[in-house]
Amino acid sequence: MGQTPSSLASIGRDRLEELLADQSYLADRGLATVVTLALRMRKPLLLEGDAGVGKTELAKALAQAIGARLIRLQCYEGIDVAHAVYDWNYSRQMLYLRALDAGVAGERAAVDDLFSREFLVRRPLLEAIEAGDGVPPVLLIDEIDRADDEFEAFLLELLADFQITIPELGTIAAQEPPVVILTSNRTRELHDALKRRCIYHWLDHPSVAREVEIIRLRVPGADEDMARAAAEAVARLRQLDLVKPPGVAETVDWTAAVVSLGCGLRPEEFEDTAGTLLKHREDIETAARFGFDRLLEAGNGEATSG
Amino acid sequence: MSFRRGLAEEGVACGPSRSALAAEALRALDERSRNDVYWALRSTLISRPEDRDAFDRLFTRFWTGQTATPLPPSRSAPRDPEAQAGRPRNRRGGDQGADAGGGAPADDGDGDGDETEVGEAQSGAVASAYERLGSLDFRAYGPEELALARRLITRAAQQVPRRRSRRLEPSHVGRRRIDFRRTVRDSMRTEGEPLRRAWRTRKLVPRRMVFLVDVSGSMRDYAVPILLFCQMAIRAGRGTETFAFGTRLTRLTPHLRAGSAAAALERAVRIVPDWAGGTRIGANLKAFNDDWGRSGMTRGAIVTIVSDGWERGDVGLLEEELARLQRTSRTLLWLNPLAGDSGYEPLAAGMAAALRHVDGFLPAHNIASLEGFVTRLAQLE
C-alpha cells in the first residue's frame with residue numbers, strides 16, 4: 001500500500017464523517033468506517049441496499065468531500081466496451097477517408113491518423129483511467145446488476161489492474177487508480193469473483209433520529225417539529241406493508257413539497273403531497289387504511305426505535 | 001482464521017482470499033474497538049444481506065471470547081431429521097403423515113401401477129429403464145431411480161428458453177444493423193473505400209427463470225427431483241433463481257450452484273429449515289415479492305411455482321400476491337405434481353384461486369411432464 005496517495009489514506013473515520021457532513025451527507029459510523037477502509041486499502045466499495053437509501057448519493061458526496069472529480073457510468077443490459085470504455089468517431093473517420101481521396105497524405109500515415117487519439121471517443125472508464133493526476137477521480141459504476149455477465153467479467157479485469165488496451169493505440173494504465181464505488185439493487189447476484197475484490201456494505205434505512213437530521217440538513221425550510229413528524233410518519237410507513245417503502249430521497253422530496261406548498265403536515269392534506277412519497281396507488285390506499293391522522297400523530301415512541 | 005471456519009459452519013461460503021482481505025482491513029484500522037473490528041470484518045468476509053444474521057451471531061461469540069467452539073448449535077441440532085427427509089424414500093407407503101393425506105385429494109388413484117414399474121426398472125436393461133423412467137411418477141422413486149433420472153432431468157433442464165438481448169454480435173441474418181467499427185476496419189483493405197459493410201444483430205441469451213418450489217410435507221416425494229431440475233436449469237442458464245418454501249422462504253440458488261451437483265443438492269436440502277413441514281403459500285409469495293420481486297428479479301422472467309396448491313394460510317393473500325407476481329413477471333406458470341392424474345381437479349382452495357392468476361397450469365409428476373414443461377417454455381418465445 002506504499003504507493004497510495006497519502007492524503008486519501010490518512011483521512012480518519014471521524015474526519016471523513018465531517019467531510020461528508022459538509023456535503024450534506026450524514027453517514028453512520030458503519031458506513032464511515034467502511035468508506036475509510038476502502039480508501040486506505042484502495043479497494044472498490046460495493047454498496048447494496050433498497051432503492052433510495054443513498055447509494056448513488058454517497059458517491060457524489062464523497063467526490064465533493066475529497067475534492068475529486070466524479071465520473072459516473074450508468075450500467076444497463078448490453079453495455080459494452082464501446083459504451084463504457086472508448087469508441088471511434090466513425091463519421092469523422094469516414095469524412096477523413098473521403099478527404100484522403102483527394103490525395104492529401106500517404107497511405108501509411110493515413111492509417112495511423114485514422115486510429116489516433118484525434119478520432120478516439122472517451123467513455124467513462126477510459127476517462128477515469130486517464131484522469132489520474134493529483135487527486136484520483138471517484139468512479140461510480142451505478143447499478144452494476146443491470147449489466148450482463150460479459151461486462152461484469154470485463155470489469156473484473158479492469159478493477160484488478162486499472163489498465164486498458166486499445167489495439168490501435170496500445171495499453172493505457174492509470175497513474176492513480178480511481179476511487180471506485182459500485183452500486184447494485186440486487187436484481188441478480190453478482191459473481192463471487194467480483195465481490196471478493198470489493199469491500200461490501202449493505203445500506204439500511206436510517207434511524208428516525210438520523211432521518212430528522214438529514215431532513216433538517218436537506219430541507220432548510222423544515223423546522224425541528226416538522227422534520228420529526230415527517231421522519232416518524234415515514235418510519236411508520238416503512239413498517240406498513242407497502243409495495244415500495246419510501247427511501248430517504250422520498251422523505252426529503254416529501255418534506256420539501258410540504259414546505260414549498262406551505263401547507264404543513266396535516267392529515268387532511270396528506271394526499272396532496274403523497275405522490276412524492278408513495279409511488280404506487282396500492283401504497284396510498286394502504287396508508288389511507290392505516291389512517292393519515294395516525295401516520296402523522298406526534299411521536300408516542302412506537303416508531304422511534306426503527 | 002477460525003472466524004472464517006465458523007462462517008462456513010453457518011453455511012456462509014468464504015474463501016481464503018476473503019480472509020486475506022479481512023486481515024488487510026484489520027491492519028488498516030486506526031483503533032481496534034469492537035465497532036471498528038465489526039465493520040472491517042463484515043465488509044470483507046460477507047457480501048450478501050442474508051448472511052448478516054449469521055455474521056452477527058458469530059461476531060458476538062467471537063468478541064466475547066467464546067471462539068474455542070465456533071459451532072452453531074442452532075443449525076446442527078435439527079440436521080438429522082432434515083437429512084432423512086431429504087433423501088427420497090424407497091417405497092411409498094401409508095406413512096405420508098397427517099398433513100399430506102389431507103392435502104392430496106387425488107392422491108390414491110394412480111399409485112398401484114407404479115410399484116411394479118419400480119421392480120422392473122431395477123432388473124431391466126438400462127435403455128428400457130430410461131424409457132420407463134419417463135412416465136414413472138416421482139413419488140415411486142428410490143435412490144436408483146433418482147440416479148438414473150439425473151441424466152434425463154439434466155437434459156430437459158438445459159433446454160432453457162432464449163430471448164433477444166440488448167447486446168449485439170456479428171451477424172449476416174435477421175434484423176441487423178451496420179457495424180461501423182468493422183466496416184471502417186475492413187475498408188482499410190480496400191484503400192479506404194467501404195465496399196463491404198459489416199453487420200451486427202441482437203444476441204440471443206437465456207431468459208431468466210425463477211422457480212419457487214413448495215417443499216412442505218405433502219410435496220416431499222416431489223421436491224428432490226424438482227430441485228434437481230431447478231439445479232440443472234441454474235447451471236445451464238444465466239440468472240436462473242430457485243427458492244424453496246414451506247412455512248418460510250429460503251433462497252437456494254447459491255447452494256445449488258456451488259460444487260459438485262449431487263453434493264450441492266444434498267446440502268441445499270439440509271439448509272431448508274422447514275423441509276417437509278407445513279405450507280403458507282401466500283405468505284411466502286409475499287415474502288418473495290417484497291424481498292426479491294420488488295428489486296426487479298422477476299422483470300422479463302418466467303416465474304414458475306411448483307406446488308400442490310394446498311394453502312394452509314389465507315387464500316385471499318395468495319390471490320393478491322399471485323396477481324402481483326403476474327404483473328411483474330413476463331410469464332407466470334404453475335406446475336402441480338397432482339395434475340398428472342387424469343382425474344385431477346383443482347379442489348384445494350389455494351389451487352382453485354391460483355388458476356385465475358397464472359398464465360399456464362401444467363403437471364410435474366414425472367420426467368415426461370418436465371419435458372412437456374420445457375416444450376411449453378419454448379412456445380412462449
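**Figure 1. Helix α12 of chain B under cover.** A residue is buried if 20 or more other C-beta atoms lie within 10 Å of its own. By that count, 15 of the 17 residues of α12(B) are buried. The helix is mostly covered. This is a predicted model. Helix α12 of chain B takes in residues 220–236. From its first C-alpha to its last, α12(B) reaches 25 Å. That is close to the 24 Å expected at 1.5 Å a residue.

**Figure 2. The open sheet of chain B.** Six strands line up here in the order β6-β5-β4-β7-β8-β9 (chain B). The sheet is open, and its pairing is mixed. Why is one side of β6(B) and of β9(B) left without a neighbour in the sheet? β6 (249–251) and β9 (360–363) of chain B stand at the edges with a single partner strand each, so each has one side without a neighbour. On average, neighbouring strands are turned by 20° against each other, direction ignored.

Figure 3. Strands β7 (residues 302–306) and β8 (residues 331–336) of chain B pair in the parallel sense. Five bridges join them. One bridge links V306(B) to its partner L335(B) in β8(B). Helix α15 of chain B covers residues 281–293. α15(B) lies across β4 (209–214), β5 (241–245) and β6 of chain B. Its run makes an angle of about 45° to β6(B).

**Figure 4. Strand β8 of chain A, buried along its run.** Chain A has 16 helices and nine strands. Of the 306 residues in chain A, 38% are buried. Strand β8 of chain A (residues 179–184) is mostly covered, with six of its six residues buried. V179(A), I181(A) and T183(A) point one way from the strand. V180(A), L182(A) and S184(A) point the other way. In a regular strand the side chains alternate between the two faces of the sheet.

**Figure 5. The partners of β8 in chain A.** Which strand meets β8(A) through E48(A) and S184(A)? The two residues are bridge partners, with S184(A) in β8(A). β1(A) pairs with β8(A) in the parallel sense over four bridges. β5(A), residues 138–142, also pairs with β8(A) in the parallel sense over four bridges. There, L139(A) has V180(A) of β8(A) as its bridge partner.

**Figure 6. Two nonpolar cores.** The largest nonpolar core has 93 residues. Which of them touch the most other members? They are L45(A) and L62(A). Beyond its neighbours within four places in sequence, L62(A) is in contact with L20(A), V35(A) and V138(A). A second, separate core has 66 residues, among them A149(B), L228(B), W275(B) and A354(B). In soluble globular proteins, nonpolar side chains tend to be buried together.

**Figure 7. Where chain A touches chain B.** Chain A brings 35 residues to the contact, and chain B brings 34 residues. On the side of chain A, at least two residues each come from α3 (29–41), β1 (45–49), α6 (90–101), α9 (149–161), α10 (192–197) and β9 (199–203). Which element gives the most to this side? α3(A) does, with seven residues. The side of chain A holds 13 nonpolar, eight polar and 14 charged residues.

Terms used:
Residues numbered from 1 in each chain as written. Chains lettered and ligands numbered in written order. Predicted model: local features only at pLDDT ≥ 70, side-chain atom pairs only at ≥ 80, totals over all residues. Contact = placed C-beta atoms within 7 Å. Nonpolar A, V, L, I, M, F, W, Y, C, P; charged D, E, K, R; others polar. Pairing = 2+ DSSP bridges. Axes fitted to C-alpha atoms, helices over the stretch in contact; angles between N-to-C directions. Buried ≥ 20, exposed ≤ 12 C-beta atoms within 10 Å, placed from the backbone. Core = buried A, V, L, I, M, F, W, Y, C linked by C-beta atoms within 7 Å. Expected span 1.5 Å × (residues − 1).
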